[in-house]
Amino acid sequence: MSMKQGCVVDLVPSKQIFPILDTLNQLGASPWIVNKPVLDLIIQVFRNGGMEQVDIPLPVSQCPALPKITRDLSSEEKNVIYRQRFMLKKKRSEMFSLWCDALYKLSIANHFRDSVFWFPQNIDFRGRVYPVPPHFQHLGGDMARSMLLFAKGMPLGDKGLDWLKIHLINLTGLKKKSSLTDRLAWANEILDDILDSADNPLTVRCLFLGCKSLAQRQC
């Protein structure tokens with residue numbers, strides 16, 4: 001918090017501040033656990049070289065080697081290779097960054113795999129609330145979110161399963177112009193393939209569903 005923001009907060013009556021702090025405490029009081037099956041699946045894919053189509057980063061070793069520059073090349077050919085080398089170095093740097101980020105998140109998740117934990121909350125000057133941990137939390141990317149579960153589960157309710165089916169169809173991106181009723185009907189039609197994707201998440205039959213995020217689908 002900046003000095004200016006601190007001065008503004010000091011001028012706000014306690015009656016207005018305390019409800020906000022109570023809200024943050026209430027959000028932070030929700031316990032979480034690690035989704036172990038999804039964590040183990042992502043670790044398996046990560047250790048086996050990653051998978052671009054499901055947003056699990058590849059190691060730098062998968063990046064193509066830099067083309068060599070020899071004396072017999074013309075100036076134009078050398079310029080082309082220089083540009084190729086520049087783009088490959090950029091790609092290698094990006095791959096290494098994404099790989100390290102995934103490794104760090106997986107390490108945190110694996111550390112807490114048998115624990116119940118909580119996320120303290122923070123509020124910014126716009127009134128938006130975020131978890132304090134920057135890497136492994138439920139507002140992160142698909143991979144991080146898929147590895148989290150509420151420690152205290154609740155029944156889905158009468159229509160909860162239907163909404164889960166619709167959400168899964170939304171992830172495929174194949175029924176964007178269809179109604180919710182049509183999406184639910186298609187989910188019931190391919191239910192055997194959906195169940196197979198849960199039991200065998202890395203098979204070709206599963207990947208035909210078109211879900212880019214393996215993590216979201218398995219979650």
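Me: Is threonine 172 buried or exposed, and at what relative accessibility?

Reply: Buried means under 20% relative accessible area, exposed over 50%, and partly exposed in between, with a 1.4 Å probe and protein chains only. At 8% relative accessibility, threonine 172 counts as buried. This is a predicted model, in which local features need pLDDT of at least 70, side-chain atom pairs count only at pLDDT 80 or more, and totals for chains, interfaces and linings use all residues. Residues are numbered from 1 along each chain as its sequence is written, and side-chain values use heavy atoms, with hydrogens and water left out.

Me: In which helix is threonine 172 found?

Reply: Helices (H or I, at least four residues) and strands (E, at least two) are DSSP runs, numbered from the N terminus. Threonine 172 belongs to helix α6.

Me: Which backbone oxygen lies 2.6 Å from a polar atom of the side chain of threonine 172?

Reply: A polar contact is a pair of N or O atoms within 3.5 Å; within protein, one must be able to donate a hydrogen and the other to accept it, and residues adjacent in sequence count only if both atoms are side-chain atoms. Here the backbone oxygen is that of isoleucine 169.

Me: How do I read the crossing of helix α6 and helix α7?

Reply: Axes are lines fitted to C-alpha atoms, for helices over the stretch in contact, and angles run from 0 to 180 degrees between N-to-C directions. Angles under 35 degrees count as roughly parallel, over 145 as roughly antiparallel, 65 to 115 as roughly perpendicular and the rest as oblique. The axes of α6 (residues 160-172) and α7 (residues 180-189) cross at roughly 90° and come within 9 Å. The two helices are therefore roughly perpendicular to each other.

Me: Which residues make the contact?

Reply: Contact means heavy atoms within 4.5 Å. On α6, the residues are Asp162, Trp163, Lys165, Ile166, Ile169, Asn170 and Thr172; on α7, they are Leu180, Arg183, Leu184, Trp186, Ala187 and Asn188.

Me: How many residues of each class does the contact of α6 with α7 have?

Reply: Ala, Val, Leu, Ile, Met, Phe, Trp, Tyr, Cys and Pro count as nonpolar, Asp, Glu, Lys and Arg as charged, and the others, Gly among them, as polar. The contact has 7 nonpolar, 3 polar and 3 charged residues.

Me: How many salt bridges does the structure hold?

Reply: Side chains of opposite charge can pair when their charged atoms come close. A salt bridge is a side-chain nitrogen of Lys or Arg within 4 Å of a carboxyl oxygen of Asp or Glu. The structure holds 5. In one of them, the side chains of aspartate 114 and lysine 36 meet at 2.6 Å, N to O. Aspartate 114 is in the loop between α4 (75-111) and β2 (121-123) and lysine 36 in helix α3 (residues 36-47), so this pair ties together parts 78 residues apart in sequence. Aspartate 114 is exposed, at 61%, whereas lysine 36 is partly exposed, at 34%.

Me: What does arginine 113 meet in a salt bridge?

Reply: Its partner is aspartate 40, at 2.6 Å, N to O. Arginine 113 is in the loop between α4 and β2 and aspartate 40 in helix α3; the pair links distant parts of the chain, 73 residues apart. Aspartate 40 is partly exposed, with 38% relative accessibility.

Me: Where are aspartate 142 and arginine 145, and how many residues apart?

Reply: Both are in helix α5 (residues 142-146), and because they are 3 residues apart, about one helical turn separates them. Aspartate 142 is partly exposed at 23%, and arginine 145 is partly exposed at 38%.

Me: Where is glutamine 121 found?

Reply: Glutamine 121 is in strand β2 and is buried, at 15% relative accessibility. The side chain of glutamine 121 reaches the backbone oxygen of phenylalanine 119 at 2.9 Å. Leaving aside neighbours within four places in sequence, the contacts of glutamine 121 include Leu24, Tyr130 and Pro131.

Me: What is the place of proline 131?

Reply: Proline 131 lies in strand β3 (residues 129-131). Proline 131 is buried, at 7% relative accessibility.
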